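Welcome, and please open the structure in your viewer. We will go from the whole chain down to single residues, one selection at a time.

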Amino acid sequence: MNNFMDKLATKIMPFANKLGSNRYLSVLRDAFMLSFPLTMFGSIIVVLNNLPFFSTQTKETLAELFGNGQNATMSIMTIFVTFGIGYYLSKSYEVEGIFGGAVSLTAFLMVTPFFITLEDETIVNGVLSLDRLGAKGMFIGMIAAFLAAELFSRITKKGWQINMPEGVPPAVSKSFAALIPAILTLTIFLAINAVMTGIFNQNLHDLVYEMIQKPLMGLGSGLPATLVALFFVQFLWFFGLHGQVIINSVMDPIWNTLMLENLDAYKAGEALPHIVTKPFMEIFTVGLGGSGMTLSVVLLMAFFMRSKQLKDVGRLALAPGIFNVNEPAIFGLPIVMNATIFIPWLLAPLVVTSINYFVMAIGLVPAPTGVAIPWTVPIVINGILATNSILGGLLQIVDCLIVGLIWFPFLKILDKQQFNSLA
């Protein structure tokens with residue numbers, strides 16, 4: 001078994017390392033992290049405005065008073081992501097990042113419709129709909145930002161810029177250097193928007209949303225795609241590669257967009273459209289002790305195993321595990337390249353995620369509302385906050401029991417091996 005794992009590692013690791021270091025995936029990951037503090041603030045406001053024991057009138061009053069805490073953060077998340085993509089992609093090409101971010105954001109707005117259609121089909125011009133800056137505009141925002149930053153960086157690297165003489169203040173010199181690349185880039189996007197609206201009577205937002213975003217979201221919100229993504233997270237971690245960083249770089253745009261759609265529905269008092277969202281993947285997978293849902297495993301090692309090594313690792317990993325940091329368990333047990341526990345490491349998250357999906361699908365437990373919860377919040381608390389229901393926390397306790405049942409026989413085998421070897 002170990003020889004097979006070694007051979008498999010030699011095949012998998014080069015590809016996974018290449019994927020993890022991909023320029024565009026790294027930029028996308030960093031861009032979403034740029035918006036993280038802002039979306040956390042917006043989520044806190046949503047939670048406080050919608051505490052379960054508040055009356056409907058109280059919630060409406062709080063939304064009126066403090067609703068902009070969410071409108072100015074989570075509802076316009078695409079703005080932060082597009083700026084972040086432009087900033088980090090430009091920096092990766094050693095081009096002035098702040099101008100790359102500004103150009104990318106402007107390019108996104110350049111192809112954004114500045115009108116809204118009322119219920120009576122009256123068109124009001126000069127108005128920017130909030131949903132274009134949130135869930136509905138996420139994919140066109142990412143596409144526009146990547147293309148704009150790529151164009152801006154390549155034009156700049158070619159030297160097509162105005163170089164000011166020495167002695168000119170740096171801020172002025174950098175602005176003039178970015179002038180020609182910015183004008184050329186934005187001219188292209190303005191022309192694209194003119195062609196789409198003038199000739200095809202269409203806008204890129206709706207086109208990308210219908211042809212790309214909706215199909216991808218439909219795929220990403222389903223259980224099969226979720227289990228495939230989770231399988232590869234676990235599989236890569238087994239070989240010592242950070243599976244979450246690699247897989248989430250691909251899936252985060254879909255999961256975050258699903259999260260925003262749930263949040264919009266939750267605020268409107270409508271049924272939540274999705275079960276699988278970013279909070280679902282974090283709170284009901286990582287939020288159970290870290291990657292692989294290892295809080296139960298740590299507890300079993302600390303209090304139910306006989307070998308000194310497992311007891312020590314369990315007790316050492318317990319405090320971090322409560323806050324969903326499980327590197328001490330992954331590398332201390334170790335989980336990495338340990339063929340004895342390969343099966344429960346892969347199987348437990350898939351089983352538990354499937355159960356969580358079905359109990360939420362039948363309405364036994366509410367789906368996550370779309371509120372973003374920091375992944376370091378301890379179990380039960382994060383489940384309650386994510387679903388706005390105590391049932392979310394109770395489900396996590398059941399999840400941990402299931403993980404423990406799956407892991408226990410394999411841990412006993414490992415425990416017996418280590419205990420006998422020291423006897």
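For this tour, two residues are in contact when they have heavy atoms within 4.5 Å of each other. Keep in mind that you are looking at a predicted model.

**Select the whole chain.** Colour it by secondary structure and you can look for 19 helices and 2 strands. The radius of gyration is 24 Å, close to the 22 Å that the globule rule gives for 423 residues, so the chain is as compact as a globular protein of that length. Along the principal axes, the C-alpha atoms fill a box of roughly 75 × 55 × 40 Å. Among contacts between residues at least 6 apart in sequence, 73% join residues at least 24 apart.

Buried residues account for 51% of the 423 in the chain. Now colour the charges: there are 22 positive and 23 negative side chains, and the centres of these two sets lie 15 Å apart.

**Go inside.** The largest nonpolar core holds 110 residues, and those touching the most other members are Ile85, Met360 and Trp407. Select Met360 next. Which residues does Met360 contact beyond its neighbours within four places in sequence? They are Ile275, Phe280, Phe284, Val365, Pro366, Ala367, Pro368 and Leu395.

**Finish at Asp252.** Find helix α12, residues 243-267, and pick out Asp252 within it. Is Asp252 buried or exposed? Its relative accessible area is 12%, and under 20% counts as buried, so Asp252 is buried. Leaving aside neighbours within four places in sequence, Asp252 is in contact with Phe32 and Lys278.

Definitions and conventions: Residues numbered from 1 in each chain as written. Predicted model: local features only at pLDDT ≥ 70, side-chain atom pairs only at ≥ 80, totals over all residues. Heavy atoms only, no water. Helix = DSSP H or I, 4+ residues; strand = E, 2+ residues; numbered from the N terminus. Rg over C-alpha atoms; globule rule 2.2 N^0.38 Å. Buried < 20%, exposed > 50% of the residue type's maximum accessible area, 1.4 Å probe, protein only. Lys, Arg positive; Asp, Glu negative; His and termini not counted. Charge placed at Lys NZ, Arg CZ, Asp CG, Glu CD. Core = buried A, V, L, I, M, F, W, Y, C linked by side-chain atoms within 4.5 Å.
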